[in-house]
Every structure is written in C-alpha cells, then in structure tokens.
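Below are my notes on the structure, as numbered points.

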Protein chains: 4
Amino acid sequence: MKIGFIGLGRMGAGMASCICQAGYDLTVFNRSAERMQALVGAGANAAKNIAEVCAADVVFTMLADDKALEDVALGPAGILEYLKPGAIHVSCSTVSVALSARLALAHSQEQQGYIAAPVFGRPEAAAAGKLFMVAAGKRDLIESIQALLDILGQHTFIVSEVPEKANLVKLSGNFLIATVIESLGEAMSLVEKGGVDRHQYLELLTSSLFNVPVYKNYGAMIAERQFEPAGFAAHLGQKDVRLVLAAAEDLKVPLPFASILRDRFLNLVAHGGEDLDWSAVGGLAAKDAALLP
Amino acid sequence: MKIGFIGLGRMGAGMASCICQAGYDLTVFNRSAERMQALVGAGANAAKNIAEVCAADVVFTMLADDKALEDVALGPAGILEYLKPGAIHVSCSTVSVALSARLALAHSQEQQGYIAAPVFGRPEAAAAGKLFMVAAGKRDLIESIQALLDILGQHTFIVSEVPEKANLVKLSGNFLIATVIESLGEAMSLVEKGGVDRHQYLELLTSSLFNVPVYKNYGAMIAERQFEPAGFAAHLGQKDVRLVLAAAEDLKVPLPFASILRDRFLNLVAHGGEDLDWSAVGGLAAKDAALLP
Amino acid sequence: MKIGFIGLGRMGAGMASCICQAGYDLTVFNRSAERMQALVGAGANAAKNIAEVCAADVVFTMLADDKALEDVALGPAGILEYLKPGAIHVSCSTVSVALSARLALAHSQEQQGYIAAPVFGRPEAAAAGKLFMVAAGKRDLIESIQALLDILGQHTFIVSEVPEKANLVKLSGNFLIATVIESLGEAMSLVEKGGVDRHQYLELLTSSLFNVPVYKNYGAMIAERQFEPAGFAAHLGQKDVRLVLAAAEDLKVPLPFASILRDRFLNLVAHGGEDLDWSAVGGLAAKDAALLP
Amino acid sequence: MKIGFIGLGRMGAGMASCICQAGYDLTVFNRSAERMQALVGAGANAAKNIAEVCAADVVFTMLADDKALEDVALGPAGILEYLKPGAIHVSCSTVSVALSARLALAHSQEQQGYIAAPVFGRPEAAAAGKLFMVAAGKRDLIESIQALLDILGQHTFIVSEVPEKANLVKLSGNFLIATVIESLGEAMSLVEKGGVDRHQYLELLTSSLFNVPVYKNYGAMIAERQFEPAGFAAHLGQKDVRLVLAAAEDLKVPLPFASILRDRFLNLVAHGGEDLDWSAVGGLAAKDAALLP
C-alpha cells in the first residue's frame with residue numbers, strides 16, 4: 001500500500017513521520033519544499049506536485065483551513081483530478097462541516113474514497129502517534145485503513161458513516177476546549193481579585209476535580225499569563241469558533257457560550273493577539289476586571 | 001478533644017459519621033431529630049439544642065444556605081452565644097463570602113476560633129471521607145484540627161489566612177462545574193442535531209480529553225436526560241451562581257459565563273425545575289434547539 | 001394641606017421647588033443643611049429633623065438608594081415613627097421592589113398611607129415640572145394627591161393598586177434606557193471601524209427611526225465620548241441594573257440583555273468609571289474593538 | 001432619462017410605482033411576471049429579461065438577499081454584462097457589505113456607475129415615497145440621480161463615497177431595530193410577570209420616553225403576541241443579524257447584543273418561526289419566563 005501525505009505543518013510533519021517510521025512507502029508534499037527534507041532523510045519520497053502524491057492508494061491531508069484544503073483538493077491540479085478511482089483521501093484537517101460534505105460528494109462522483117479523520121492532540125502527540133482520531137466514512141473504507149489510523153493515534157473513534165459528522169465532532173471538541181479556557185479565565189480573575197494566589201488555586205483545581213491535561217496545560221498558561229509561543233494560534237481558535245457557529249446556524253442550534261467566545265476572540269484579535277496562543281482568551285476576563293491593563 | 005456537628009443532611013451525615021468512626025467524642029445536632037438516630041446508634045451523643053453542642057472544643061456546621069447558617073451561628077441561642085473562648089467553629093457550608101466574613105469578625109470579637117472549610121464532593125465522597133477540603137483561617141487554628149480534616153477529606157487545600165477566601169474558592173469551583181454542565185449541554189445538542197449519537201459522543205469525550213468524573217457523571221445525566229433524583233438540586237446550584245455573581249459584583253469582576261448560567265437557572269426554575277438535579281441546566285440547550293419540547 | 005419633602009439632591013431640589021412655587025405650605029429636610037437654603041429663600045420651611053417634616057399631611061421622599069430610603073423611612077427616628085395616621089408617604093426614589101413592598105406593609109400597619117411614585121426625567125425636567133410620574137397605590141390615595149403629581153409631572157401613569165409595581169416599572173424603564181446606550185455603543189463602534197463618521201451616523205439615526213431625546217442625548221454623549229460631568233452617575237445606573245436583575249430573579253424572568261449590561265457596568269467601575277455618566281457604558285464597545293485604549 | 005427597475009416584491013413594487021407616477025420612462029423586470037402587471041397598467045414597460053432593463057440609464061435593484069442580487073447582477077446574462085458604460089446601477093437591497101464591495105469593483109471595471117442606496121421603511125412607506133434613503137458612492141453619481149432618490153424617500157443620507165458603507169449603515173440600523181424588539185420583549189415579560197398589564201405598560205413607554213413608531217409598532221405586536229402576517233419575516237431578520245455579525249467579524253468588533261439576537265433567531269427558526277414577523281423574537285423572553293408555552 002502506497003501512502004501520500006500533503007501538509008507538513010507542525011501537526012502533519014509528526015503524523016507523516018509516524019507513517020514513515022512504520023515502514024510504509026510514503027510520498028510527501030508541502031508547499032514550502034524545505035519542510036519535506038527531514039522526512040526525505042527518514043526515507044520518504046518528496047513529490048513535486050499534488051499529482052505525484054496522488055499516485056498513492058491512500059492520501060492524507062493535514063492543512064490549516066478551509067481555503068488551503070479547498071485549493072489542494074478541489075482546485076485545479078488538485079487531488080480530485082489525480083486520485084485514482086478506488087483510492088482514498090483521508091482528510092485530517094479541522095475544517096468546516098460544509099466543505100467536508102462537498103468533498104464527500106465530489107470524491108463519490110469520481111469513484112474515489114473519502115474519509116474525514118480529524119484529530120485531537122497537540123504537535124507532541126502527533127509526533128508520538130498518540131493522537132485521538134475521530135473518523136467518519138463508509139465502514140469498509142475505514143476498516144481498510146485502520147492500521148494507518150492505529151499508527152497515528154492511541155485510539156480511533158468512529159462516529160458515523162457520513163464523513164462530515166467527524167468534522168462536526170472535532171469542531172465541537174475545540175469549542176469545549178475553548179469553554180475551558182474562558183471558564184478558567186473567569187474563575188482565576190475572580191479568586192485573584194479576591195486575594196487568592198492564582199497558581200495555588202490552579203493547583204487545587206487540577207489536583208481535585210479537574211485533574212486532566214486540558215485544564216492543567218491551559219490553566220498554566222493563563223496563570224503564567226504567558227501566551228507565546230503559540231501552541232495553537234488564536235486566529236485558528238477563532239476560525240474554529242466561527243466554524244462551530246456556522247454549523248450551529250445551519251442546524252438551528254443556539255450556543256450562548258460559543259457566542260461569548262466569538263466576542264472574546266474578536267476582542268483579542270482587535271488588539272493584535274491573533275498570533276498568541278488561543279489561551280490568551282483566558283486573559284480577557286482579567287483585563288475586564290482591571291487586573292491587567 | 002470533644003467534637004460537635006450541626007447539620008446532618010446528605011453531606012453532613014456522612015461527614016459526622018466519619019468523625020464518629022474515628023473514635024472521637026462526638027455530639028451531633030439536627031433540626032429534625034430523627035436524622036440523629038443513626039449516629040447515636042454508632043456512638044454519638046444527640047444534643048437537644050445548639051447550646052449542648054457548643055460544649056465541644058470544635059464545632060462543625062454543614063448547612064444548606066446562608067439563612068440556615070446565619071440562624072444557627074448568629075441567631076438567638078446560636079453558636080456565637082454558647083461557644084467557649086478558644087473553641088473553634090469550622091464552617092463547611094457553601095455560603096456567601098459576605099456571611100463568612102461576618103462570622104469571622106463575630107467569632108474574633110468573642111475570642112472564638114473560626115475556620116471556613118467548605119468541601120468538594122458528592123454525598124458518597126462525604127461518607128467515605130474522600131472529600132476535598134478547602135480551608136482558610138489562622139494557620140495555627142487549622143493545624144490544630146488537621147487530624148479532623150484528614151478524616152473528612154482525601155486532601156486539604158489551605159488557601160488563605162482569611163477565612164472567607166475559602167468560600168470564594170468553593171463558589172468559584174461550583175461555577176466551574178456549572179460551566180461544564182452548560183458546555184456539555186450545548187455541545188451535545190449540536191452534535192445530536194447534526195446526526196451523531198450523543199451517548200457515543202460522550203464516550204468519545206470522556207475517554208479522551210475529558211477523562212474525569214465531573215465530565216463523565218454530569219455528561220451521563222445530560223445524555224440520559226435523567227435529572228431525577230437530584231444529587232444536587234437546581235435551586236442550590238442557582239443559589240451558588242447567585243453567590244458567585246454577588247462576590248464578583250463586590251470585587252468588580254465581570255463574568256460572562258456566569259451571567260449565562262444565571263439566565264439558564266432562572267429559565268429552569270421558571271418551568272418548575274428547582275428540585276431537579278442542577279445538570280438539568282444542560283438540557284436547556286436541547287430545548288432551545290427544539291430537540292426537547 | 002401641608003407638604004413635607006425629604007431629599008434635596010439634583011432631582012429632589014427641583015421637585016420641591018415646583019411644589020413651593022405652586023404656593024403650598026412646604027417643609028423640607030436634607031441631611032446636608034446647606035441644600036435647604038435656596039428653598040427657604042423661596043418660602044419653604046427648613047426642618048431640623050425628620051420628625052418636623054412628618055407634621056405634614058403628605059411627605060415626599062427622593063433619595064439616592066435603598067439604604068438612604070430605608071434609614072429615613074424605617075430607621076430610628078424615621079418617617080414610620082412620626083408620620084400621622086392618615087398622612088401619606090409618597091416615595092419617588094428609584095429603589096428596589098422589595099424595599100417598596102416592605103414600606104407598603106409597614107405604613108399599612110401604622111394606618112399611614114403609602115404611594116410609590118418614581119419618576120422619569122433628568123434634573124432639568126424635575127425643575128420644570130415636566131417629569132413623567134409612575135404611580136401605584138390605593139386609588140383614593142392617589143386621587144387625593146393628584147394635584148401635587150400634576151405639579152411635578154407632565155403626566156401621571158397609574159400602573160397598579162400595589163405600590164411596588166410602580167418601582168418595577170421604573171426599574172424596567174431604566175433598563176430600557178441602558179439597552180439604548182449599549183445598542184448605540186455597539187452600532188457606532190461598528191460603523192466607525194467600518195469608516196463611517198459616527199456623528200453623521202447618529203444624525204441619520206435620530207432624524208429618521210430614532211427621533212426621540214433618549215437616543216439623541218445619549219447618542220451625543222457616546223459620539224462625543226464625553227462622559228463628564230455625569231447627569232446620572234454610572235454607579236447609580238449599575239445599582240438600577242442590579243435592582244432589575246434582583247426583581248427578575250424573584251420573578252424568575254431571564255433577561256439576557258440585562259446580564260450583558262451588568263457585566264458592562266462591572267467593567268466600567270472596575271476601571272474607575274463609577275462617577276462618569278452612565279452613558280460611558282456605551283464607550284466599552286469601542287474599547288473592545290480597539291477604537292479606544 | 002430612462003429608468004429600469006428589477007425586483008417587484010413588497011418594497012420594490014411600491015418604489016417602482018413612485019417612479020412611474022413621477023412620469024419617468026420606466027421599464028420593470030421581475031422573475032414572476034404577474035407582479036409586473038400593475039405597473040404596466042400604470043404606464044411602465046415590462047421587460048422580458050435583464051438585458052432589456054439594462055437599456056436604461058439608471059437601473060434600480062431591490063431584491064431579497066445576497067444570492068438573488070448576485071444572480072441578477074453578476075450572474076450570466078446579468079446586469080454587469082448588459083449595462084452600458086456610464087449607466088448607473090442603484091442597489092437598494094439589504095445585502096452584505098462584502099457583496100456590495102464586489103459589485104462596486106466589478107462595475108468600476110466595466111466603466112459602469114454603482115451606488116448603494118439601501119432604505120429604511122416598511123412597504124407602506126415605500127409606496128408613499130416616504131422611505132429614508134441611505135446612499136453611498138461617487139458624489140457626482142449620487143447628484144445625478146438625486147431627483148430619483150427624492151421621489152423614493154423623504155430624505156437621503158449620504159454616508160460615504162465608498163458604496164458598501166451604505167450597506168454597513170443599513171445593516172447596523174436593522175440591528176438597532178432588533179435590539180428594540182428584544183429589549184421590549186424582556187421588559188414586558190418582567191413587568192407582566194410582576195403583575196403589570198403589558199398593554200398599559202407599553203402605552204406608558206411610548207407616550208413618554210419612547211414616543212416613536214419603531215417602539216410603538218413592534219411593541220404593539222409583542223404586546224398582542226400577534227406575529228402574523230409578517231411585515232418583515234423572521235428569516236430576513238435572521239439574515240440581517242448574520243450579515244451584521246459577518247461585517248463585525250471582518251472589522252473585528254465584538255457585538256454582545258448582536259450575539260444574543262443571533263441565538264434568539266436560531267431558537268425561533270428551530271421552532272418553525274421563520275415566516276413569522278421578526279418581532280416574534282420579542283416573544284422568546286416570555287417563553288423563557290414560562291409566560292408562554
């Protein structure tokens with residue numbers, strides 16, 4: 001089985017590396033060619049364009065946003081044009097439900113397979129093959145690549161036969177993480193202004209009720225007020241909140257917490273924070289309370 | 001060392017029982033006398049009134065709300081009147097920051113000790129001595145009862161020398177739990193309306209990013225839409241959100257998520273839900289989305 | 001008919017002056033005695049204490065908040081103690097529904113009359129007898145003082161036989177004004193950041209759809225970003241939003257816009273804005289959008 | 001000067017009729033041909049397609065939404081293709097800022113004039129030539145059609161030389177109207193649950209502080225709870241809130257009230273209310289408060 005991988009950003013590079021290390025025949029492609037060198041050193045082939053990657057049986061994509069994926073998959077000289085009938089496009093990017101649905105339809109019309117398989121986890125988890133994979137698509141298709149998903153993740157959750165449902169689940173998960181950030185920002189501002197040390201407070205929370213990395217890691221960034229370098233940039237978090245709200249609008253589901261988050265991200269980027277870590281949203285409650293300028 | 005315990009509700013009964021089993025000389029008091037029988041059977045003394053309990057060196061209170069604690073502690077024939085100089089009142093109830101501050105001052109004027117020691121944990125944890133204790137007060141006072149706190153809880157977090165800071169921390173913790181409920185309610189409504197099974201979705205969340213009891217337990221209630229019997233009643237949750245907002249108002253800290261929660265609780269009780277479990281707030285997003293009538 | 005008037009602040013001074021000019025036998029009282037001089041010059045009597053004012057047949061109060069009215073009316077040597085049976089207390093202050101209900105009961109027990117008659121209008125309208133009076137109380141009582149209400153206001157709205165309903169209406173009206181302030185703040189920030197002159201924009205709004213003083217006056221303050229001197233101070237606006245929310249909580253009515261306003265006022269006072277005009281809330285949207293520092 | 005008019009819905013029919021009555025040589029076009037008959041009866045010419053309308057010197061469009069305008073103006077056989085160099089497209093529809101900007105650019109590239117001239121007013125005002133016109137575009141272009149604008153409206157506000165600024169102003173105005181609806185809905189629910197007659201309450205408001213049609217008309221619909229037939233349908237109101245939020249997102253302006261409105265509209269349409277008058281949003285506060293089922 002020949003594998004292709006398009007998109008060697010912080011997440012994609014780790015994922016491709018896992019596949020390479022597992023001994024697969026891997027061809028990679030990235031817009032900026034220098035990001036391919038490390039993988040070539042590890043035994044992968046570097047493609048000159050998308051057409052070359054599409055000679056594979058399974059092509060993964062891990063791209064930044066809707067526009068990037070749309071260009072690569074549906075644009076001229078894109079995946080749709082070159083992928084063989086029967087070959088599978090596995091889309092791991094965090095993109096809109098609507099785009100994923102368009103891809104599902106387009107691939108189906110070309111007799112190509114399509115699986116949406118967005119992931120939970122930070123770059124370190126990607127490099128270690130410890131992601132959580134959320135997959136949706138035809139059952140037999142998913143089964144046919146299960147070995148690959150097992151290389152990338154510590155567990156695969158199969159949520160539906162309809163690919164874009166995986167994207168909905170992924171987006172909702174990022175929404176939940178964002179609510180953790182905002183909640184901690186508000187609670188820490190409250191206790192700090194009340195005279196309680198915010199570091200001790202976080203220690204209390206995360207060694208009792210909230211003993212889980214998402215609270216520990218984001219809590220630490222908020223307590224330290226250290227939002228650089230970004231693990232996950234605010235403009236990406238803003239994009240995900242936008243996509244959650246777009247999906248909710250299509251489905252007619254009011255989401256009051258997501259609306260608050262939307263305004264928080266707008267405030268943050270209005271003040272130039274788009275490249276901070278998205279946990280910087282957790283600093284806005286402190287600003288509102290005049291704890292921060 | 002003689003111990004007194006006032007308030008044998010679902011939480012207090014379990015806590016008093018732990019102290020009794022540890023072999024302490026314990027006198028209990030409860031407004032409804034029949035709640036004292038089990039403890040008397042286990043070796044505790046039943047007091048006829050607050051004055052009798054106040055013969056102890058350390059008196060715990062675990063009561064439902066500000067009014068109950070104010071009556072018992074500051075009312076006529078209350079603790080303040082009878083507690084000996086040098087004896088300690090340990091207040092475990094979830095009450096307002098303002099009342100705790102008043103108690104601190106009043107006890108201090110009477111040369112009585114006062115520790116605020118609210119707890120995290122449900123009734124089963126109380127019965128098992130597995131609570132998380134949040135304590136604040138003079139350091140030597142807390143040290144003098146550390147053995148008792150160790151009996152009640154799996155860990156004691158000492159947050160300040162100023163007693164009411166413990167109440168602020170406790171209230172902020174309940175606020176965080178309420179945000180989990182609301183967040184899950186919104187996320188589950190979104191994915192369910194999008195065609196994803198909400199039970200599977202919860203399983204995914206709680207076996208990956210949110211692998212922690214507070215998400216599992218409340219998530220299960222929301223997924224089952226089973227809000228009776230109440231482990232923690234909605235009117236108590238509403239009270240806690242009110243107290244968080246009152247503390248935040250005094251401290252001048254805007255809390256957008258808490259404001260959303262306030263409106264959710266009002267909606268719930270307007271529709272007769274005050275005796276449901278407070279996780280019923282997590283069903284309102286489904287109602288807004290027309291998933292529930 | 002002898003008239004008493006307690007509370008000669010910016011509103012009360014104008015109201016008392018109208019009564020005086022109409023030729024009534026008027027006795028006034030104010031905590032700071034120097035505020036009584038102008039009225040004495042105009043023919044009123046200055047009382048040394050509340051007891052002296054209470055020799056009147058009708059006693060008006062116009063005070064800053066619940067605490068002030070509670071002290072004057074229910075405190076030691078207060079109105080309740082001295083007012084004659086059959087005499088009437090007309091309470092014009094903007095106070096809580098709960099306090100007004102307590103006053104109604106207390107006066108009734110003393111065979112004293114009680115009318116709640118809060119007002120809409122700024123100090124200039126008070127001085128000119130052009131307020132809008134919102135009155136509630138027993139019909140015959142209100143009729144007996146209609147001539148006085150006609151002196152104070154351009155119109156009297158009688159809303160109920162239950163006095164505190166007038167306070168609810170008054171508070172809801174201030175809530176509506178606050179929503180105008182916030183709405184204009186948001187809309188002006190949007191168009192200004194989009195490149196439209198905010199003064200021209202306001203002119204457009206207020207000469208078409210919103211051709212009414214409340215939009216013109218507050219709109220002008222927001223467009224000028226001139227919030228001093230305060231016509232109505234932010235801390236009073238904050239108090240009114242608090243009282244609206246308290247009434248709504250008792251009645252179990254969620255008010256999402258009022259919750260937003262609550263957080264806006266907290267933000268404002270956290271940054272030292274309590275003595276600005278309450279229209280300063282309309283500047284916060286510009287701050288969020290980074291149009292203002 | 002020959003005039004074309006495309007889009008004879010409730011608004012467009014009235015507007016075209018005014019132009020016809022003023023004696024202009026008018027050619028109209030509407031997708032459903034029967035809507036053209038009344039105007040033909042009044043002396044207008046009926047076009048068979050857009051090309052025929054585009055023989056005019058000035059072509060007005062008044063269409064339901066972005067999609068309709070995009071099809072008519074930018075689609076195949078659309079205005080862009082047929083309008084003569086130097087002729088002017090006057091776009092009166094309430095559409096997105098982004099689409100208006102695209103039209104401005106496209107027309108400019110074809111040497112065609114483009115003015116955005118959205119309107120405030122209901123169908124009766126359109127029929128009577130009493131709209132408020134909000135115009136933006138090159139100053140000389142607007143001057144050249146001022147006589148036409150004077151026929152349609154009681155006043156023209158010129159807000160910018162950049163056409164899409166007029167659309168931003170129009171959308172912000174609809175946002176302000178929606179905030180009036182929500183504010184009244186909340187205030188009326190509060191006082192009604194407190195025991196005050198909501199009709200009397202509205203009378204009080206609109207004969208004092210809020211003596212202006214927008215409060216009177218929408219207030220009456222909310223008080224009557226009569227949301228059919230729709231003067232302006234909820235799905236159109238929802239669209240406008242969406243477009244305001246989209247513009248605000250591009251400009252990085254948080255709008256908390258607009259976020260609340262977004263969720264209100266989603267709730268309304270989730271319950272099948274898309275064809276009600278948009279003032280039905282003002283009934284949701286009553287539903288939350290359990291005043292309505």
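Which residues in α10(A) meet which residues in α13(A)?

1. The coordinates are those of a predicted model. On the α10(A) side, the residues that meet α13(A) are Leu168(A), Leu171(A), Ser172(A), Asn174(A), Phe175(A) and Ala178(A). Their counterparts in α13(A) are Gly237(A), Asp240(A), Val241(A), Leu243(A), Val244(A) and Ala247(A). Sorted by class, this contact between α10(A) and α13(A) consists of 8 nonpolar, 3 polar and 1 charged residues.

2. The geometry of this helix pair is as follows. The axes of α10(A) and α13(A) come within 9 Å and cross at roughly 120°. Because of that angle, α10(A) counts as oblique to α13(A). The crossing in which α10(A) passes α13(A) is left-handed.

3. On the domain level, chain A is divided in two: domain 1 covers 2–162 and domain 2 covers 169–288. A distance of 29 Å separates the C-alpha centres of domain 1 and domain 2 of chain A. To their contact, domain 1 of chain A gives 9 residues and domain 2 of chain A gives 11 residues. The side of domain 1 of chain A that touches domain 2 of chain A has 5 nonpolar, 2 polar and 2 charged residues.

4. Next, the interface between chains A and B. Here 48 residues of chain A are in contact with 47 residues of chain B. On the chain A side, the elements that give two or more residues are the strands β8 (131–136) and β9 (153–160), together with the helices α10 (164–193), α11 (198–206), α13 (234–251) and α14 (256–270). With 16 residues, α10(A) supplies the largest share of the side of chain A that touches chain B. By class, the residues on that side of chain A divide into 31 nonpolar, 11 polar and 6 charged.

5. The same surface serves both copies, since 100% of the contact residues of chain A recur in chain C.

Definitions and conventions: Residues are numbered from 1 along each chain as its sequence is written. Chains are lettered from A and ligands numbered from 1 in the order in which they are written. This is a predicted model: local features need pLDDT of at least 70, side-chain atom pairs count only at pLDDT 80 or more; totals for chains, interfaces and linings use all residues. Two residues are in contact if their C-beta atoms, placed from the backbone, lie within 7 Å. Helices (H or I, at least four residues) and strands (E, at least two) are DSSP runs, numbered from the N terminus. Ala, Val, Leu, Ile, Met, Phe, Trp, Tyr, Cys and Pro count as nonpolar, Asp, Glu, Lys and Arg as charged, and the others, Gly among them, as polar. Axes are lines fitted to C-alpha atoms, for helices over the stretch in contact, and angles run from 0 to 180 degrees between N-to-C directions. Angles under 35 degrees count as roughly parallel, over 145 as roughly antiparallel, 65 to 115 as roughly perpendicular and the rest as oblique. A crossing is left-handed if the near helix is turned anticlockwise from the far one by less than a right angle, and right-handed if clockwise. Domain bounds come from an automatic or database domain assignment.
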